[in-house]
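Student: Could you take a close look at one part of this model with me? I'd like to go through the salt bridges.

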Amino acid sequence: MLVEVVAGARRIPTPSLPMLGSVQLVAARLVATTAVLFAVTTSIAASASPSAAVPAAAANHLIDPPHASAPDVPAPEESASEPQAPPTTAVAQLPTITVVRGDTLWDLAERHLGDGTRFTEIRDLNLGRPQSDGQSLTDAHWVYPGWTLLLPPDATGLSTPPPPTSSTPPAGTNSIVVQPGDTLESIAEAHLGHATAYSEIFDLNAGLPQPDGHTLSDPNLIRPGWTLTLPTANAPVAFSPAEAHVATPAPQPSGPESVGHYSEPAPTEPTTREQRAPAHLAPDQDAPSANSDAVSSTEVPFYIGLTALAAAGVIGEVGRRRHLQHRARKVGESIPMPDEHTPAATVELTLRSAPTPVSLQQLKTTLLNLDSRCYTAERDLPRLAALTLDEHTLTLHLESDDQDPVPPFAAQDARTWTASTEQIANEVLDDDGERSEPYPALVTLGHNDAGTILLNLEAAGTLSIVGDDDAADEVLRALAVELVTSDLTGRIGLVAEPWLQDFAEAFEPARFQTTPANSTSRASRTSAIARALKDSGLDDTLEARSDRVLDDTWLPVVFVERQPQGPQVSEPWSGSILLTRTQTEGWSLTVAQDGEATIEPLGIAVRAQRLSAHDLAQVRSLLQTAQPPYSSTITAARSSAEVGIHDDLEAIKKAMLERPATADSGDTARIRVNVLGPIQIDGLPRPDSPPPERITELLVYLALHRQATGHEIDEVFWPGKRVDSGTRNTFVYRTRRYVGDDALPPSTRGAPLRVTEQISTDWAEFHRLMTRAIENEVSRTEDLTAALALVRDRPFLGIDDARYAWAEADIQRMISAIADAAHLLARIHFEEGRFAEALQAATHGLMIEPFSDLLQCDALDAANARGGEQESRRLRERFAARLAELDPDAIL
């Protein structure tokens with residue numbers, strides 16, 4: 001058993017023990033199952049989309065959905081004065097270690113924690129944290145020299161940290177300033193005599209800070225104004241932490257090519273390399289937009305009229321609902337998805353393509369920690385009026401003076417606190433089970449040149465939305481959508497008038513209801529909360545939240561009334577919020593016909609987010625497609641766990657016939673695209689030079705779909721934009737350079753782009769094994785086991801939030817098929833008395849879909865059959881706790 005634990009943690013093959021083969025096999029299975037069952041879990045909130053997650057080790061969690069990954073953003077300059085931090089578990093207070101050659105997570109745990117098995121604690125602290133070379137720790141557990149890793153607080157044996165890396169050129173070198181149009185190849189050609197010497201320049205400069213706060217991490221991207229160190233003829237080339245991950249700059253294409261129905265002259269590289277737009281807005285260098293100019297702050301896009309944060313809220317709600325749909329799914333079924341090319345499908349694709357500087361979950365974690373740290377410091381929560389978020393900074397705008405900021409924030413003045421988006425992305429949720437949601441009514445109003453503006457409706461109490469009637473109605477629709485979908489407002493209720501009845505039908509009544517007598521309900525609630533506050537000697541609900549008393553008053557209710565019939569206003573922090581289309585006392589948002597608006601009394605100008613009646617109907621359609629079932633349906637799904645294996649086989653066979661996977665050549669392919677877990681591409685001609693992210697995405701798309709027209713490529717990579725064929729052809733040409741003409745041959749005029757039998761996928765191999773398992777009883781158990789062995793984690797785990805929007809239907813189909821395979825294998829093992837193997841199969845499936853009622857029943861049945869009452873109880877408690885996070889009203 002010890003041999004298996006050590007080998008598994010070190011990620012090395014287990015040595016064979018003489019004459020103990022069968023015993024060793026059982027030990028290996030028990031170790032794998034135990035690792036899955038007893039790993040530490042974290043919040044489900046980040047799991048709504050597979051893209052909100054970072055990769056996590058498949059063997060180290062049972063039902064954890066992926067965490068949102070931290071974006072790669074630069075840190076701002078340090079504040080001149082650091083605030084005194086109350087005792088917390090903030091990342092800034094944790095010790096760190098710099099990785100050197102030969103280090104592994106196990107070695108670091110042994111050296112600094114005294115126990116190699118504690119490597120998981122180091123992993124969990126560092127998953128997704130951006131490193132100096134632009135990479136981050138993934139489920140592969142690989143670490144690279146030069147990385148800085150956080151360690152648990154009890155780490156020992158730490159030396160004094162080395163001084164920061166200097167950007168001064170080393171001896172024997174000189175430097176140049178990058179000019180528009182420069183590339184590493186052109187600089188190498190001009191100064192070193194050969195373009196291929198670009199790698200020496202990359203090695204000397206990778207990870208060094210540049211004047212604009214960025215660092216060199218991609219040899220295809222340098223920016224005007226950067227200072228690059230050049231080697232001299234006798235200067236040694238320094239080792240770069242990114243050495244094994246350097247992608248070769250793209251060469252000039254040598255000939256014409258046609259994709260789809262377009263035929264253009266040979267693609268050429270741009271003659272200038274302009275500075276990219278901010279990271280969360282810019283198109284990929286390998287998939288340039290039709291307009292190559294950088295996006296300025298005045299051109300921040302909307303997505304069907306919504307800000308990127310509001311769009312992320314809708315997608316998060318869709319993801320939550322799909323988890324609940326999987327929970328009730330029967331064997332062989334698929335969860336409903338919008339039909340391809342329908343308006344609802346187009347809306348989902350558009351909303352999924354919205355990138356944000358930090359995720360909603362990261363924002364929420366920061367605000368929850370703010371509550372915990374204020375309470376620990378025995379101080380009130382700051383009176384927050386609004387937030388501004390740009391690609392580098394989150395700014396809190398306070399109603400009253402407060403120069404005692406709480407980490408990770410620093411005070412810029414008496415009413416302004418700031419933190420970098422890198423700090424926000426690195427926040428780890430403090431251990432505090434009694435915290436409240438400090439600001440549960442934060443909504444985005446729109447953009448201005450400073451960033452995206454979020455308003456705290458509690459601070460307003462009443463918000464009058466006035467001005468142009470049509471524009472004001474559209475603003476009110478957008479606010480209503482965000483209030484009932486965003487994770488920042490995930491627990492408050494919305495009460496509206498009947499004109500929003502159609503939209504309200506897409507939600508449970510506890511979250512959103514309509515009534516013609518809003519004013520009466522609002523007056524009654526306001527009066528009841530006022531009495532409770534007075535009896536407790538409290539001024540308002542924020543003070544109650546700060547003191548953690550009167551928890552019934554913590555969450556406000558938002559009332560939407562075009563013309564208030566009762567009280568004309570709701571007071572700030574009173575437990576009730578009024579949104580009205582009538583000018584009244586309180587705060588106001590005056591909207592012009594073009595969407596330009598002003599928030600008073602804050603004096604903030606903003607380009608307001610707006611949602612037309614047509615787009616509201618499409619959002620409603622999308623949400624209703626993902627409508628979770630009622631509990632009776634879940635009970636019906638649970639009863640199917642008792643259905644015989646024969647019926648399960650027939651249901652799976654029927655499903656596979658109706659939804660076959662795209663065939664590929666399997667064993668004869670030299671390149672395999674793996675999507676059943678974090679995306680990996682094996683067999684590339686140059687494995688030391690992995691393709692850039694956008695080229696990887698095209699390879700994944702083509703590998704799964706086998707062909708694509710020019711129009712289809714445009715819709716996937718530039719949705720809603722006009723793209724000239726030269727841009728597309730350059731993109732395809734660069735992709736071909738990574739795989740070869742035999743895998744991605746040039747297409748003829750009028751023909752779609754196709755991949756050949758040289759490219760296969762693990763998904764197609766999974767489907768082949770499942771087909772054989774259904775048809776062949778003799779090899780069924782072996783084939784099902786082999787199919788599940790292909791599943792390293794949730795499909796597409798760790799993808800960028802704003803990319804792979806096209807893959808959602810594929811991901812959901814894969815999840816259903818994997819859950820069916822795990823359920824079938826678990827039942828086979830169970831009926832044949834192999835209860836440990838049954839539990840292992842069920843937990844493998846729960847790693848992919850943690851809320852499947854079928855798989856939870858399989859796991860509990862196996863645990864009970866093994867006689868493990870304590871194990872069964874622990875599993876049931878775990879399942880119930882996680883389900884409550886997803887849906888507080890659900891019953892296990």
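Student: How many residues apart are E765 and R768 in helix α22?

Tutor: E765 and R768 are three residues apart in helix α22 (residues 762–775), so about one helical turn separates them. Before going on, note that this is a predicted model, where local features need pLDDT of at least 70, side-chain atom pairs count only at pLDDT 80 or more, and totals for chains, interfaces and linings use all residues. Residues are numbered from 1 along each chain as its sequence is written, and side-chain values use heavy atoms, with hydrogens and water left out.

Back to the pair: the side chains of E765 and R768 form a salt bridge at 2.8 Å, N to O. The term means a side-chain nitrogen of Lys or Arg within 4 Å of a carboxyl oxygen of Asp or Glu. By that rule, the count is 42 salt bridges. As for R768, its relative accessible area is 33%, which makes it partly exposed (buried is under 20%, exposed over 50%, partly exposed in between, with a 1.4 Å probe and protein chains only).

Now set that beside R352 and E808, whose closest N and O atoms are 3.3 Å apart in another salt bridge. This one links distant parts of the chain: R352 is in helix α8 (residues 343–352) and E808 in helix α24 (residues 808–831), 456 residues apart. Helices here are DSSP runs (H or I, at least four residues), numbered from the N terminus. R352 counts as buried at 7% relative accessibility, and E808 is buried at 6%. Both also belong to a salt-bridge network with R322 and E348.

Note on methods
Helix = DSSP H or I, 4+ residues; strand = E, 2+ residues; numbered from the N terminus.
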